[in-house]
Number of protein chains: 2
Amino acid sequence: MAYPRKIAVHELGPREGMQIEKTPIPTSEKIRLIDMLSECNFPEIETTSFVSPKWVPQMADAEQVVAGFKRRPGTLYTCIYLNKEGMARAVATGKLDVAGNLSITASETFSKKNTNRTIEESLAETERRIEALQSLNVPINQIGVMAAFGCNYEGNVDPHHVVRLIDQMMQIAKDGGANIDLIQLADTMGWANPDSVRRLVGLVQDKWPEQKINLHMHDTRGLGLANVMAALEMGVDDFDAAVAGLGGCPYAGFKDAPGNIPSEDLVHLCGELGIETGVDLERLIEVAREAEKIVGHPLPGKVMRGGNLNAYRRKAKEAGIVPSGSAV
Amino acid sequence: MAYPRKIAVHELGPREGMQIEKTPIPTSEKIRLIDMLSECNFPEIETTSFVSPKWVPQMADAEQVVAGFKRRPGTLYTCIYLNKEGMARAVATGKLDVAGNLSITASETFSKKNTNRTIEESLAETERRIEALQSLNVPINQIGVMAAFGCNYEGNVDPHHVVRLIDQMMQIAKDGGANIDLIQLADTMGWANPDSVRRLVGLVQDKWPEQKINLHMHDTRGLGLANVMAALEMGVDDFDAAVAGLGGCPYAGFKDAPGNIPSEDLVHLCGELGIETGVDLERLIEVAREAEKIVGHPLPGKVMRGGNLNAYRRKAKEAGIVPSGSAV
């Protein structure tokens, strides 16, 4: 068991967090959130989503948000897009690090419900997506599998099925001239547990030892960080998260089900294990508390309530407290 | 790595959850909560706390609560007491399974703040506590260490210091004629992480292989279930929890910091890993949602929002859905 020395935490709050909010969030507040997150030194911040305002009215101001935030050197500012129109809008901002990712959903039922396409149709569509990205000069390097662990409509997802899908996607990417160096496994509906993480991550590592694995875990049933632990123990060093746990799960049984793992809880865990993230936890906790004010309702983050252990340690040291038992 | 085949989940919600609530909860509601929890088949429910109403007004109705609930065969109904007066009140109810536990706090500073005694004074007091319990015919079988992983006032707690304290307590118990078969390690202020759990549990298992270990984990910084995972992997099979995550942390940096790990989240995790708990998860989720109504504010439980995966699996099966990739 060897943890990675350093991991990358991708901050998705501004995108994943905002899209689920029913109340319109002012554009200036979205920009303020991104700018505050920039101070925390994330390697990547996902800023917004270029989707039809008909489907996601909250994201109608994507261009204004992108125009408004300040880029900080050292952070990649990315976005989500669904189709060629979205890609073109993202590229047209001239300000984003548009990532070329190919996406497939492991559950046929969820694929149809969420993207209106079967898995077969999505595979076929991938060729056109590659061409579209290439026509916009966006380098393609990622494959993502949604619902990679389970699905509210189908139940458990067979990890061997996921591996076959990745294999097909890798072939399509290769045929299209794309060089994939990152495989994302997304637990879109919160079905993973530490055992299923070990199983799927193990299969993917065995088959694609050269590719980096990214885990996108939802905390819908409270296992987000337990799942991260299982992955860290296997050397996975690339994780998505959202400040304060912004973002919910529209597919869950009840409203206000938790969404992404809270970034500051992940950063705190890594700090305690001696794994570097490069993220400023003190500042991030402040931003998490601001995020709660911005959306106007409680968010599931815990370290933002419990407090940073390093702050307590510092306080104890400054007070000259001798730890109990140390004189023995 | 071998999980235990079965674990015991001790439900603390009625006691640990209620004592922190500022608004008085009607006695009838406290009784209703215990009766609902009885339907879930826990091996133990901690019902109330016999403390001075001056210190904890919420617990002034301890006797009425105990008189009111219905005992279910197969469940132990326990309570907390601080001193001889509390023990006597608990025994006098004639209805409780009063457990004889000896308690020590690993942090000198916290010990003084929380119990108004130094560690040395607590050790000395333990002899009198043994005599008091024996005079009431309460069998003594447990030693508990509070703040066993860290302390908001002192920082990290040295696991070797904890082992020395347990050793002293074991000797005092033995001298007093008590037979200790359970050692509880309590992360009272949410300082543990999976590595520190492995370290302390490993030391205790090595030194006391005959004694069972109980873990009382707080989820103050979101690591409750990740810590449970680390312990399960070491064979620990005895855990405390509170329905819906009832109970907070009065020592945390901010109000509404999470307290105990939510029972239903723990039961769900175990179910997914194939570990038996004997607890009825469906019913427990309903009770968790009722608990939220009883206290009148959101509680941190997640499965109560995300929904029970087995219910989704059943629904998919009933709908005759063929899992994706299964036909390959």
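The structure is a predicted model, in which local features need pLDDT of at least 70, side-chain atom pairs count only at pLDDT 80 or more, and totals for chains, interfaces and linings use all residues. Residues are numbered from 1 along each chain as its sequence is written, while chains are lettered from A and ligands numbered from 1 in the order in which they are written.

The buried residues of α7(A) are Pro159(A), His161(A), Val162(A), Leu165(A), Ile166(A), Met169(A), Ile172(A) and Ala173(A). Because they cover an arc of only 150° around the axis, they lie on the same side of α7(A); the arc is that of the directions from the helix axis to the C-beta atoms. An α-helix has 3.6 residues a turn, so residues three or four places apart point the same way. Among the elements that cover the buried residues of α7(A) are the strands β4 (100-105), β5 (140-146) and β8 (182-187) of chain A, helices and strands being DSSP runs (H or I, at least four residues, for helices; E, at least two, for strands) numbered from the N terminus. After α7(A) comes Gly177(A), whose phi is positive, near 85°.

Turning to the pair of chains, 55 residues of chain B are in contact with 55 residues of chain A, contact meaning that the C-beta atoms of two residues, placed from the backbone, lie within 7 Å. The side of chain B that touches chain A receives the most from α10(B), with 5 residues.

Chain B can be laid on chain A with an RMSD of 0.0 Å by a turn of 180° and a shift of 0.0 Å along the axis, and the two copies are therefore related as by a two-fold rotation axis; the superposition is by least squares on the C-alpha atoms of residues with pLDDT of at least 70 in both. The same surface serves both copies, since 100% of the contact residues of chain B recur in chain A. Of the residues of chain B, Ala226(B) comes closest to the rotation axis, at 2.0 Å (C-alpha).

Key
Buried ≥ 20, exposed ≤ 12 C-beta atoms within 10 Å, placed from the backbone.
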